[in-house]
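Please keep the structure in view while going through the numbered points.

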Amino acid sequence: MLPINKTISMIERFNLMYRNQQFKQYGLHGYQASFLLEIVRHPNISQDELTKNMHVDKSNVARGCQALEASGYILMQKSKLDRRYVELEATQKGIELSDIIIDILKKQRHFLMQDFNHEDEMKFLEYLEWLKRRATQLLDSEINQ
């Protein structure tokens, strides 16, 4: 059995490869689909808030958002309240694509979880949340030392 970190990393890489394959026809790759979903869920979210919510490097978010804007999926505008911040808003094209993205992600999750009954799936997701919290605590404890 592989170490837990390696296993989780491999699952994420395979999932990312699948998503890249599915989203290629829409000009999306990497985490751009996830960025778009977060922008649709939170209209006028700042680029900094998106970075915090997604736990992704600021430069990756900036590049991803520029690509989404170039494809016509979002609008990037300086905040009226604070010109240092860039606010992000999904276009109608982006909103329509978000429905397609959600369908693709549901299909992916259904395939991955098909051998779990509902109770086992909920327990598994609970364990993943627990691991995420512990990983965050470890990082925070190292930063605060």
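1. A residue is called buried when its relative accessible area is under 20%, exposed when over 50%, and partly exposed in between (1.4 Å probe, protein chains only). By this criterion, buried residues make up 27% of the 145 residues in the protein.

2. This is a predicted model, in which local features need pLDDT of at least 70, side-chain atom pairs count only at pLDDT 80 or more, and totals for chains, interfaces and linings use all residues. Residues are numbered from 1 along each chain as its sequence is written, and side-chain values use heavy atoms, with hydrogens and water left out.

3. The protein contains 6 helices and 3 strands, where helices (H or I, at least four residues) and strands (E, at least two) are DSSP runs numbered from the N terminus. Their order from the N terminus is α-α-β-α-α-β-β-α-α. The C-alpha trace spans about 50 × 45 × 25 Å along its principal axes.

4. The 3 strands form an open antiparallel sheet in the order β1-β3-β2; two strands pair if DSSP finds at least two bridges between them. The edge strands, each pairing on one side only, are β1 (45-46) and β2 (74-78). Strand β3 (residues 86-90) pairs with β2 over 5 bridges, and M76 stands opposite L88 in β3.

5. Which helix lies across β2 and β3? Helix α4 (residues 58-70) does, running at about 120° to β2; axes are lines fitted to C-alpha atoms, for helices over the stretch in contact (heavy atoms within 4.5 Å), and angles run from 0 to 180 degrees between N-to-C directions.
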